[in-house]
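Subject: Structure for you to look at

Dear colleague,

Here is the structure that I promised to hand over. Please open it beside this email, so that you can follow each part as you read.

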Amino acid sequence: GIDVSRFSCHNKRRGKEIISIGRFTEQKAIDKLIVAMDGLKDYNLSIIGLGPLEKDIRALCKTRKNCKFLGYKTQEEIPKYLCNSRFTVMPSLFEGLPISMLEAMSCGVIPITTAVGDIPSLIKEGINGFFLKNNSSDEIIKTVRNAEKSNIAKISINAERVIREEYTWKNVCKKFLKTWKIEN
């Protein structure tokens, strides 16, 4: 579940900002996103997280003017970064259903992600997010460019709506109780 009161934005006007939040491991393929920023010079990328590849991620980001390495941020700090972001890009090799993506969507940030794990059960192409055909840097660039041609204001609203309708703590608890057939 998501604390939608914490992960909420009043700012509906967003700049050309991309955000990536997660653990710095090979699985997340953040390096491919950073390299993609060479073809997305009109965007800025903010990277939040920590992990074993931090040194490599920091070095890749440092060589690009449109990449900001922010390191670890608390749950209280993250919403202010999300509220300025248009897209969250997750070129992961595998996932479950990433909490960072749900939190971003709760703030109206549009996900661009690989179709792995449980992500396809939530994202509807062009409705509340976009899928990468693969996780290459070229595909990231192409998908961002295609996404920006869409009605991103409506897609942002749809991303937020699906979280507020299905992934609040209250709704997740109800589903859990129903699954376990526990009466309220």
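Predicted model: local features only at pLDDT ≥ 70, side-chain atom pairs only at ≥ 80, totals over all residues.

Residues are numbered from 1 along each chain as its sequence is written, and side-chain values use heavy atoms, with hydrogens and water left out.

Strand S1 (residues 17-23) runs parallel to S2 and is joined to S2 by seven bridges, and two strands are said to pair if DSSP finds at least two bridges between them. Within this pairing, Ser20 stands opposite Ile47 of S2. Between S1 and S2 the chain passes through helix H1 (residues 30-36), in a β-α-β crossover that is right-handed, a word used when, with the strands pointing away from the viewer, the path from the first strand over the helix to the second runs clockwise.

Strand S3 (residues 67-71) is also parallel to S2, and four bridges join the two, with Lys68 in S3 as the bridge partner of Ser46. To get from S2 to S3 the chain goes through helix H2 (residues 54-62), and this β-α-β crossover is right-handed.

Next comes the largest pocket, which holds about 210 Å³ of space. A pocket is found on a 1 Å grid over the protein atoms alone, as an open set of points where a 1.4 Å probe fits, with protein on both sides within 12 Å along at least five of seven lines, and lining residues have an atom within 4 Å of a point. The volume is the space filled by probe spheres set on the points, which are joined across faces, edges and corners. Of the 14 lining residues, the closest to the centre of the pocket are Ile21, Gly22, Gly49, Tyr72 and Ile78. The elements giving two or more residues to this lining are S1, S2 and helix H4 (99-106).

Which cysteines are bonded to one another? The structure holds two disulfides, a disulfide being a pair of cysteine sulfur atoms within 2.5 Å. In one, Cys9 and Cys83 are bonded with their sulfur atoms 1.9 Å apart. The torsion about this S-S bond is about -85 degrees, so the disulfide of Cys9 and Cys83 is left-handed. This pair links distant parts of the chain, 74 residues apart, since Cys9 lies in the segment before S1 and Cys83 in the loop between helix H3 (78-82) and strand S4 (87-90). Cys9 is buried at 4% relative accessible area, and Cys83 is buried at 13%.

The other disulfide joins Cys61 to Cys67, with 2.0 Å from S to S, and is left-handed, with -115 degrees about the S-S bond. Cys61 is buried at 2% relative accessibility, and Cys67 is buried at 9%.

Finally, the sulfur of Cys107 is 3.7 Å from the closest cysteine sulfur, that of Cys9, which is too far for a bond.

With best wishes

Notes. Buried < 20%, exposed > 50% of the residue type's maximum accessible area, 1.4 Å probe, protein only.
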